[in-house]
Amino acid sequence: MWLWLSMISNVPTSQDLNKSALTAFFAAWHQLIQLFDDFNQSFGLENEDFLEELEQYYGHCQAELETIYSLAAQASELALKARICEVSPFLLLLGNSSSFGESESDLDFSELRTIDAVDLPNAVNAICASKVSDGFKQRYTEIRKVRNKIAHLGGSGKQSAPREVMKLLVDQYAELWPGAQFLNNWINYIGSRRYSFFHDGKWTSAEMELADIQETFFSLLSKGEFKKLVGFQKSQRRYICHTCVYNGGLDRHGIGTSLTTAFLVEKNTLRCQLCTETTEVVREDCNQDDCKGDVISDSKFNGESCHTCGQQQ
């Protein structure tokens, strides 16, 4: 295939493809966690007293779960293309023979046929330094097949279990974006949706949205899944990040302690996995009688404050 590469316009970048992949992934992920949270708000999170209602609810959610599968498939394909594009975007055209006639205008890359989705994992392993595992290939094929059935037949013909879908998404993220800041990427997605138009930081914000579903999210994850996504042990104590509380306006609504996304990385160093800010702290008892916290910092927002109860010292 001979191409005048300089005459091709709209050549994708790895960064753009990866950004689109993350958007598709978190569109699926956010919808899935909200699916769990909606039931939790009415009946409790998979409460044994409401197992019949839970089964009926999951059956009622099949259309949403198929949408989640479709978005997950799109995320995988875009993320794999991003890896190939990092080597060279023109490698995405391998294996597709096309004839090009004379034209005075540039060719648009988006109109050219790229590597078939089924071939992407093997192409990545042949071209890229960062490979994908056999386990990922199996999950990728499963997700892609369900997506194809939905696209061509209007439905997958299978009953999807939300817990199984969540496990697929956790493993997908861990392999496609190893070591990436999951909570930071999630809050960035929330802040990019159309709903963010209404985020004024006073009455609503991305942090408030996440605070509403945080406990459902953390409760759902197994110890292994928590470690894969958040990067810390599930048993490790979580703390308030004063920056996130202030930026999200949580303290104005008396919910400043509802978002706990910071972890001690050293005895006197706290890191927030949401905003990624690192804070130096002192280890001394909080002066509030009903608080057992002992992690204090000099916040630029409200002075010396406790990272457990949020109160000034």
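Residues are classed as buried under 20% relative accessible area, as exposed over 50%, and as partly exposed in between, with a 1.4 Å probe and protein chains only. Helices (H or I, at least four residues) and strands (E, at least two) are DSSP runs numbered from the N terminus. The structure is a predicted model, in which local features need pLDDT of at least 70 and side-chain atom pairs count only at pLDDT 80 or more, whereas totals for chains, interfaces and linings use all residues. Residues are numbered from 1 along each chain as its sequence is written, and side-chain values use heavy atoms, with hydrogens and water left out.

The protein chain contains ten helices and eight strands. Its C-alpha trace spans about 80 × 50 × 35 Å along the principal axes. Of its 313 residues, 47% count as buried. Contacts are defined by heavy atoms within 4.5 Å; among those between residues at least 6 apart in sequence, 61% join residues at least 24 apart. The accessible surface, computed by the Shrake-Rupley method with a 1.4 Å probe and, for residues, with only the protein chains shown counted as cover, comes to about 16700 Å², of which 47% belongs to carbon and sulfur atoms. The chain carries 29 positive and 42 negative side chains, and the centres of the two sets lie 5 Å apart. In this count Lys and Arg are positive and Asp and Glu negative, while His and the chain ends are not counted; each charge is placed at NZ of Lys, CZ of Arg, CG of Asp or CD of Glu.

Helix H2 (residues 51-60) has the buried residues Leu-54, Tyr-57 and Tyr-58. These residues cover an arc of only 100° around the axis, which puts them on the same side of H2; the arc is that of the directions from the helix axis to the C-beta atoms. Cover for the buried residues of H2 includes helix H1 (14-43), helix H3 (62-87) and helix H6 (162-176). On the face turned away from the buried side, H2 carries the exposed residues Glu-52, Glu-55, Gln-56 and His-60. In helix H4 (residues 120-127), the buried residues are Leu-120, Pro-121, Ala-123 and Val-124. They cover an arc of only 165°, and this puts them on the same side of H4.

Helix H7 (182-190) has eight of its nine residues buried, so it is largely enclosed by the rest of the structure. The buried residues are Phe-182, Leu-183, Asn-184, Asn-185, Trp-186, Ile-187, Tyr-189 and Ile-190. Among the elements that cover them are H1, H6, H8, helix H9 (223-230) and strand S4 (260-266).

The loop between H7 and H8 contains both Arg-193 and Ser-196. Arg-193 is buried, with a relative accessible area of 14%, and touches His-30 and Glu-209 when residues up to four places away in sequence are not counted. Polar contacts are pairs of N or O atoms within 3.5 Å; within protein, one atom must be able to donate a hydrogen and the other to accept it, and residues adjacent in sequence count only if both atoms are side-chain atoms. The side chain of Ser-196 reaches the backbone oxygen of Gly-191 at 3.0 Å, and a polar atom of this side chain lies 2.5 Å from the backbone oxygen of Arg-193. Apart from neighbours within four places in sequence, Ser-196 is in contact with Ile-190 and Gly-191.

Gln-214 is located in helix H8 (residues 206-220) and is buried, with a relative accessible area of 3%. Leaving aside neighbours within four places in sequence, Gln-214 is in contact with Arg-238, Ser-258, Leu-259, Thr-260 and Thr-261. A polar atom of the Gln-214 side chain lies 2.9 Å from the backbone nitrogen of Thr-260. Between Gln-214 and Tyr-173, which are 41 residues apart in sequence, the C-alpha to C-alpha distance is 18 Å.

Most residues other than glycine have a negative phi. Asn-10, which is not a glycine, has a positive phi of about 55°. This residue lies in the loop between strand S1 (8-9) and H1 and counts as exposed, at 55% relative accessibility. Thr-276 also is a residue other than glycine with a positive phi, near 70°. Thr-276 is placed in the loop between strand S5 (269-272) and strand S6 (278-280), and at 34% relative accessibility it counts as partly exposed.
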